[in-house]
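Please keep the structure open while you read the points below.

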2 protein chains.
Amino acid sequence: MKKEEIDLTLPDSEKIYVTAPDSDVRVGMRKLSLQNGESMILYDTTGAYTDPDIDTSDGLPEIKKGWIEEREKSADGFRTQLWYAKHGIITTEMRYAATRENQGATGDNAITAEQVRADIAAGHAVLPSNRRHPECEPMIIGSRYLVKINANIGNSALGSDTDEEVQKALWAVKWGADTVMDLSTGKNIHATREAILRATPVPIGTVPLYQALEKAGGKIENLTWELFYDTLVEQCEQGVDYFTIHAGLLREHVDLARRRTTGIVSRGGSIMAKWMSLNDSENFAYTHFEEICSLMKRYDVAFSLGDGLRPGSLADANDAAQFGELDTLGRLQHIALDNDVQTIIEGPGHVPMHMIKENMTRQIEQCHGAPFYTLGPLVSDIGAGYDHITSAIGGAMIAWMGTAMLCYVTTKEHLSLPDRDDVREGVVTFKLAAHAADIAKGHPAAILRDNAMSRARYDFRWRDQFNLSLDPEKARRYHSEMIKSAGHDNEFCAMCGPDFCAMRITKSIDK
Amino acid sequence: MKKEEIDLTLPDSEKIYVTAPDSDVRVGMRKLSLQNGESMILYDTTGAYTDPDIDTSDGLPEIKKGWIEEREKSADGFRTQLWYAKHGIITTEMRYAATRENQGATGDNAITAEQVRADIAAGHAVLPSNRRHPECEPMIIGSRYLVKINANIGNSALGSDTDEEVQKALWAVKWGADTVMDLSTGKNIHATREAILRATPVPIGTVPLYQALEKAGGKIENLTWELFYDTLVEQCEQGVDYFTIHAGLLREHVDLARRRTTGIVSRGGSIMAKWMSLNDSENFAYTHFEEICSLMKRYDVAFSLGDGLRPGSLADANDAAQFGELDTLGRLQHIALDNDVQTIIEGPGHVPMHMIKENMTRQIEQCHGAPFYTLGPLVSDIGAGYDHITSAIGGAMIAWMGTAMLCYVTTKEHLSLPDRDDVREGVVTFKLAAHAADIAKGHPAAILRDNAMSRARYDFRWRDQFNLSLDPEKARRYHSEMIKSAGHDNEFCAMCGPDFCAMRITKSIDK
């Protein structure tokens, strides 16, 4: 992936490195220079692409390579972050992730590496880190930390190619995606994933069942445990950081889902349900769960235990099928924890606002505080064409309540696959929902950017207003169109004109 | 306004009239025909424009004309809806508004005209109804009812003309705006407003202070109570249904706002604060409040008591200035109620999620359950270019808590004036936020549309999915692009292709 193909930089920003306390670990961040001479240090997902001193034309630097090799050569051999955490050892990755959270802030509220270690040890946080993905910058997912967002990309049988998917991944990362899931189901799955892994500095997730089904010729009747396991090995080797595995969907739950309005809307869930029905057998990911753990811990791939029975409509929200599966996921999370495999729990889906809280409460209880990772939830079913908004409403609310990561939903949800513009709009929308939750949760670094924006507004520093937004180019473009057509600028808002500018009038009172 | 200039119809829909119980009042609604032979009756804001049997080429029919004239000729003379409500009289307008809420539903949960009357009498609901705006279809604003949304339009010194504003008003109404505020501050204010009033079947609101300031040559020092009062008379005569008047902003509050990050961000609020400062006098809308009541009740114009000190940043949310003004609005609401003038209370603004609830609680306490009408709130300050989303998140939440009407915020907020596409996106976004709140509040009619959508999804009835969304054209366009490029259609979702369609697989299990 050549750096030249996509520009990941944002205006008036430079890459800086903050050294993690008590170490020589250098953590990449974005320093934004403001018009008033101040600057802000911001979380940065773009990796080496925004460091002009690093040549990425032959690929990303393998920043974790040395740390991993050292561990592999040690007497204990390679172990998962969870194993180290349980044994009281703070890894370099933990230091990196902790420092990253603070965005340059120090003081009593700052996140420490020890907090990160303790949360990982308890299963309350996950640091995705397949040792075969050394290009990935360490980051931490858990309710104490900045709410993370994931962008789904991937081709289907109906469209998109490898280059386009890599471009989408980097595009998502440019706008702030913390992880990327490659959900390809079409041709060239292996090659597409390889290209994405080597080109992206954030953790990559997949749903291995999709590729297993492709290997089975698209026929669920040809799907086997062996085919699935081989696929896991292949993807572990490639460097995938977390796997969505629908191991908690049991035969008894499928029966509960028969009464639903929209049945099963998870692709993985429906495949697994159909397989169980065809084979008159229990879910192979459930029956072989410890074998899967045993494989994944050799690479430190994290589980993202899939919610195959997430509701696809408000009518199905919080039903016995959904919660039956959730309770099973909690039991599996416990097993994974015992096996030193890090675990995230996936959540809904379509849920009306007044039923969101119950999802979070039950997940915390049943899944022992493991990070929750939700798709929205969408608070209405009628948002077609605007489902990034119905899902951002539910996403912001559930993230405030404690959800650690939000999967973005694009404007094309339910209708089509997102193109590049949709990815950008989806990522920015969900970064805003996550950020709103960070503020409501009281994350000390989050509010600083809002305050800087508000001061820039009151000072009529337009360039700073553009840059402090999540999409400076869009903000600038909207403002410029107006200014151009009016031939004005400066000390009033373009919406109101000079006589009706509230802040201008307010200032004249102050004087 | 010629009907031909803008098409307000939506696909597969026809205008029907439902007769209000115990009366011969015919209430216009939209009947949407579904592919499976069923149909849905939906709330309709488009008035006669979508009735092919009515010729609107010479303007809208004056549907309230007869009712108003009859009242004017009676022994009591013209009275406000509040006066009738207090005297136990159910007006034709109340019957119309009650029936409209039910969208064809009957049964124990259905809204009754008596409920509407009782809520108006208590000050808990407002039925905007200037007798000089007979083209306006009656609708009801209150926490018990469907959450309403307002679209702001209006030119500024920097752009837009009369025809364009009328087009925007009808465009907003097409997508579901329940009221429209004309916030023009530029040239031709009177003519623009006249054109909008005669052309729109929904209540029109204004901020009369803007025109008063224009009359004062844009100079606050030339603004007087007399100029303001004359402007109120002018706009009462034209037919404006509700006035935003910043009567609760007192001198003591301005002092409280001096410490703020973003000062005063309400245009009306800043003008009034400056006027008080220049004249060393108390707010003239406060000192002359009973005179204003006396004028407004002769026309049944409703107050929308403005929040001149709404926070313009998270840093200023819920501060002493904001709540000091809110408490004053509560006292004024009581006076207006005694004077038979209907009253809405305006609310913020920029408020982080965890501070939203306090706004609603305090408003209910201090303002005696009067309808709350908020601008968002925006849950972050850094959403420039995406503030329809930051505000929809806060708007959905506060509407669920009891806010009766949401003022839309467009994607251009803080940057520029919205164009037609922005109005459409803003209206649909806020209709979704309002609808999500209706569902969470338990409005019996709201969930029916979601359930119909979900059944259409499970049946792969694509046309119904487009039509049951709020923007059928956009949903259809997104889907068609995909289908065209793939050459497929029908029984699977275009996102996943046939082998990976969860609902298709689920159905094969059912069989």
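Where is the place of Asp22(B)? The points start there, after a word on conventions. This is a predicted model, in which local features need pLDDT of at least 70, side-chain atom pairs count only at pLDDT 80 or more, and totals for chains, interfaces and linings use all residues. Residues are numbered from 1 along each chain as its sequence is written, chains are lettered from A and ligands numbered from 1 in the order in which they are written, and side-chain values use heavy atoms, with hydrogens and water left out.

1. Asp22(B) sits in the loop between strand S1 (13–19) and strand S2 (26–33) of chain B. Helices (H or I, at least four residues) and strands (E, at least two) are DSSP runs, numbered from the N terminus. Asp22(B) has a positive phi, near 55 degrees, without being a glycine. With 76% relative accessibility, Asp22(B) counts as exposed. Here buried means under 20% relative accessible area, exposed over 50%, and partly exposed in between (1.4 Å probe, protein chains only).

2. In chain A, have a look at His414(A), another non-glycine residue with a positive phi, of about 75 degrees. Its loop runs between strand S13 (405–407) and helix H16 (420–441) of chain A. His414(A) counts as buried, at 13% relative accessibility. As background, most residues other than glycine have a negative phi, and most peptide bonds are trans.

3. One joins Pro348(A) and Gly349(A), with omega about 10 degrees, and Gly349(A) is in the loop between strand S11 (343–347) and helix H14 (356–366) of chain A. In chain B, a cis bond joins Pro348(B) and Gly349(B), also with omega about 10 degrees.

4. How do the two chains relate? A rotation of 180 degrees, with 0.0 Å of shift along its axis, superposes chain A on chain B (RMSD 0.0 Å). That is the relation of a two-fold axis. The copies are superposed by least squares on the C-alpha atoms of residues with pLDDT of at least 70 in both. Ile393(A) is the residue of chain A that comes closest to the rotation axis, at 2.3 Å (C-alpha).

5. Helix H7 (residues 208–215) of chain A is mostly covered, with six of its eight residues buried. Among them are Leu209(A), Tyr210(A) and Leu213(A). The buried residues of H7(A) pack against several elements of chain A, including helix H6 (189–199) and helix H10 (267–279); contact means heavy atoms within 4.5 Å. Just after H7(A), Gly217(A) takes a positive phi of about 70 degrees.

6. In chain B, the axes of helix H7 (residues 208–215) and helix H10 (residues 267–279) come within 9 Å and cross at roughly 50 degrees. That makes H7(B) oblique to H10(B). The contact is made by Leu209(B), Tyr210(B) and Leu213(B) of H7(B) and Arg267(B), Gly268(B), Ile271(B) and Met272(B) of H10(B). Axes are lines fitted to C-alpha atoms, for helices over the stretch in contact, and angles run from 0 to 180 degrees between N-to-C directions. Angles under 35 degrees count as roughly parallel, over 145 as roughly antiparallel, 65 to 115 as roughly perpendicular and the rest as oblique.

7. Finally, the axes of helix H5 (residues 162–174) of chain A and H6(A) come within 9 Å and cross at roughly 30 degrees. H5(A) and H6(A) are therefore roughly parallel to each other.
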